[in-house]
Amino acid sequence: MTGTDTTNGLTTSTLESGIQELDQVVIRFAGDSGDGMQLTGDQFTRTTALMGNDIATFPDFPAEIRAPAGTLPGVSAFQLRFSSFDIHTPGDAPDVLVAMNPAALKAHIGQLKKNGILLLNTASFKPLDLKKATYTVDPRTDGSLDGYRVIEIDLTARTREALTESDLDNRGKDRCKNMYALGILYWLFQREVEPTQKALALKFAKKPAIVEANLKAMAAGHAYAETVEIFQVSYTVAPAKMPAGTYRNIMGNQALCLGLVAASNQGNVPLFLGSYPITPASDVLHQLSGYKNHGVVTFQAEDEIAAVCAAIGASYTGRLGITSTSGPGVALKAEAIGLAIMAELPLIVLNIQRAGPSTGMPTKTQQADLLQAMYGRNGESPMVVIACSTAADAFEVGYEAVRIATKYMVPVMVLSDGYIANGSEPWKLPDVDALPKIEVNYAPEGKPDEKFKPYERNPETLARPWAKPGTKGLVHRIGGLEKQDITGNISYDPDNHQHMIDTRADKVARVANDLPPLVPIGEKSGDVLVLGWGSPRGAITAAVTRLQEQGHKISCAFLRHLNPLPNDLEALMRSFKKVVLPELNKGQLASMLRAKYLIDVKSYSQVNGQPFQSHAVEDYMRNVLQEVK
Amino acid sequence: MSSVEHPKLTKKDFKSDQDVRWCPGCGDYAILNSVQTAFADLGKKLHETVIISGIGCSSRFPYYMDTYGFHTIHGRAPALATGVKLSNPELDVWVVTGDGDAMSIGGNHFIHTMRRNVGLKILLFNNRIYGLTKGQFSPTSPQGKVTKSSPLGSVDYPFAPIALALGAGGTFVARAVDILGPHLQSMVKQADSHNGTSMIEIYQNCNIFNDGAFTGFTDKGARDERILYLEHQKPLLFGANKDKGIAFDAHFRPFIVEGDDLGKAYVWDETSDTPAPAMALATMDEEVFPVPIGVFRRQDKPNFEYAVKQQVETAVANNKQSIKDLIYAGEIWDVK
């Protein structure tokens, strides 16, 4: 089964032991955004990670904090997949769907596997609930749920019964029904309850009544599932065989922040974050604001422009300036990023992409800001662009951004997306002592009577000196006006302008000189090379691995560095009959590659706000393989 | 940093080797001169001084000072300077801006800098016109201003920068005039000694696009009658013989007092706990009343950068953590 990316569905056969072993399960929790589905999914995830399974998650929530209760726009979902082998995606179709109300049912039933388990909260199937979900007929009565294993439970009533002794009012008791549902699933999938007991005690430490009620509800759900025999069997999934090491479950934004802080520590260059809240990047601001004990200064600015400008001011002063945002924020920051390019200061711009254009769909994922990152500024203003592809990969990418920005004295754009930011996976923790060296050198004090040359360059990297204000003998002026190389004085000389534009481009190009070789999954030549960048990595890996197992000459490779591109990319591409590039945009990297290498890269585009499904990628590639033959 | 190694610098030491390229006769020359004089008097050190500007004629200022300087982008100097101050609160950071730069495109950063009380010293050159783009009306141009972009007269109501700064919570708000050098230098020195944000609006004559905008009260013959010097704890008096004064009614409406009523002139208190009197002066009709210059408001209040610094230092002291402990945190498990 290893390497497969889809589950076969849960069996209905009853076994003597009552416990059946599966190699993987996909569960989707869906309910009103006030039903606590994200918390429920998160608890299941933590517990399961601690039990040693490989796990991947996909939270999918509405932009509205509280859309009208019971309506389709208010549905919030959390999908997770756990397994006894190495997995790359949170799965395509769920085996189990928990639907807390008719709207959640309507929004998600289409994806539930045939014969899958459907757990419904009957308390919210009253006529008004059905109407809010735009059902004209109760779906439980019209045969539309035939073919699923429907389990109807009045979670609200059961939870209230379990909490008769609680001091909470009914509203407070009803809030615990997600824990009742979690208790049922914990029994069904033989999960341990202790991690959640501990986590809730910590989360609501100041509200013991709430802790008690939630734990009671969970225990009651667990006991209910065990005693009333609603399920013929329960299931278990053995721990995955993962490489030895210490693990932690991590989300993309968390890992990105840890990478930045680790690199800052390694290079002895203190961090500064200037940021303005924006979905789905706000967690970066929250996370780094909590790292003051690592010397991180964070500044919640009055707007996106102030955020990046303050970060540039910090870099000018000798800290490493970072700004975190999403696409609309990058648009606002464009002029300031141009200033950092002109001033040749290090700067890290984190773009946690979301579905655009304009405000778009803030909580949905997309990779459509690549060309914005590449070209979204006035004048010739190239910048380094790198991308992370999984939650755990974000650590390395954050680290790499610091390395490049400080070594070459350039702004670096880091592309992540909502899927990576909010999804989680087990992360094999790095050996902290073995992290790559980052060397940051500030310009030393100047000699008396010798004029400081702010644009005198390192011959290898073309980086200019990092001269901190406050250092004696280094007073100088910089700015957005074109300047003479070496002296930094304002210059309108035509030859100098040509030279400076070429130099700024050359500086970015030289970043390619110290990149590791591209390592494809599969052979280094063959029929089809699937290239990927960013979050589609998991779906591509799963699809290509399956096709390889079926004997196809297909390989895949993933690009962390998008500008400059790795030097060995062209040769790799030319070793295959066809190169295909799945992207969650209209073919942005594909067109960059076609323009640069004159290779007929085939674009496979999806822009519906959802991640690729590995099955769809597999089917697409199978067709391409046929065409190639 | 001992004073033995570094004898006190002179005004000349603050001049950079770059040719000053403002139009001959521009008020900016006088301001540059006064700032250099004041900086020398204050015993400032070149390497500890940073001058940050936005875009506009005034924003060329850093190139002419032999200190650290950053000529940034339009309207954003206070934001960039905030990053500098937060990164190194010890630096002496000055922002040079204009009425277009600070009041129009950079209005947001201006008010939020005031609100936070960042320890920046802001010199706002107000010539009531867009100079660098060759003469359009600005947010401080009087209504009816005829320019290339307002051939029938501008219909916009202007901002009073002092009132805006006061409204945004400014803790040091002052006004000076380009050609009144000693007074301007005194304002620069007072701004320098203030702990939080200092903002000086400097009336500056643009002799090309808005010549004479302030001559009605800055001309030698008019000054005595038309300028009201604000002096702390002294009555608001003006006129060659100090024979007229400004008083306020119960609603802080100003009126002119003279003769027997002169004693009713308001005794100025720049540290007043209410911004009302300062606001009343900042919004006086300059056709009817004298033009106040000097310190409108001065309030002692902890500044932003030290509060931020303190939080970080406390966190570092109380919760020191290795990178390994940071990464190997939360719920972790071992796979053998």
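With which side chain does the side chain of A:Lys578 make a polar contact? The partner is the side chain of A:Asp600, at 3.3 Å; a polar contact is a pair of N or O atoms within 3.5 Å, where within protein one must be able to donate a hydrogen and the other to accept it, and residues adjacent in sequence count only if both atoms are side-chain atoms.

The model is predicted: local features need pLDDT of at least 70 and side-chain atom pairs count only at pLDDT 80 or more, whereas totals for chains, interfaces and linings use all residues. Side-chain values use heavy atoms, with hydrogens and water left out, residues are numbered from 1 along each chain as its sequence is written, and chains are lettered from A and ligands numbered from 1 in the order in which they are written.

View 1. A:Lys578 lies in strand β21 (residues 576-583) of chain A; helices (H or I, at least four residues) and strands (E, at least two) are DSSP runs, numbered from the N terminus. Apart from neighbours within four places in sequence, A:Lys578 is in contact (heavy atoms within 4.5 Å) with A:Asp527, A:Val528, A:Leu529, A:Asp600, A:Lys602, A:Val624 and A:Val628.

**View 2. Domain 2 and domain 3 of chain A.** Chain A is divided into domain 1 (19-237), domain 2 (248-434) and domain 3 (526-628), with bounds from an automatic or database domain assignment. Taken over C-alpha atoms, the centres of domain 2 of chain A and domain 3 of chain A are separated by 26 Å. Domain 2 of chain A contributes 29 residues to the contact and domain 3 of chain A contributes 20 residues. About 2100 Å² is buried between the two domains, 57% of it on carbon and sulfur atoms; buried area is the accessible area (1.4 Å probe) that two parts lose on being put together, summed over both. In domain 2 of chain A, the residues that lose the most area to domain 3 of chain A are A:Gln367, A:Leu370 and A:Ser389, together 29% of what that side buries.

View 3. A:Arg560 forms a salt bridge with A:Asp393, with the closest N and O atoms 2.6 Å apart. Across the interface of domain 2 and domain 3 of chain A, 16 residue pairs are in polar contact (both at pLDDT 80 or more).

**View 4. Chain A against chain B.** In this interface, 68 residues of chain A are in contact with 57 residues of chain B. The buried area is about 5300 Å², of which carbon and sulfur atoms give 64%. The rule finds four salt bridges between chain A and chain B. B:Asp17 forms a salt bridge with A:Lys451, the closest N and O atoms being 3.8 Å apart.

View 5. β17(A) pairs with strand β2 (residues 68-71) of chain B in the parallel sense over three bridges; two strands pair if DSSP finds at least two bridges between them. A:Arg477 stands opposite B:Gly69 in β2(B).

Methods. A salt bridge is a side-chain nitrogen of Lys or Arg within 4 Å of a carboxyl oxygen of Asp or Glu.
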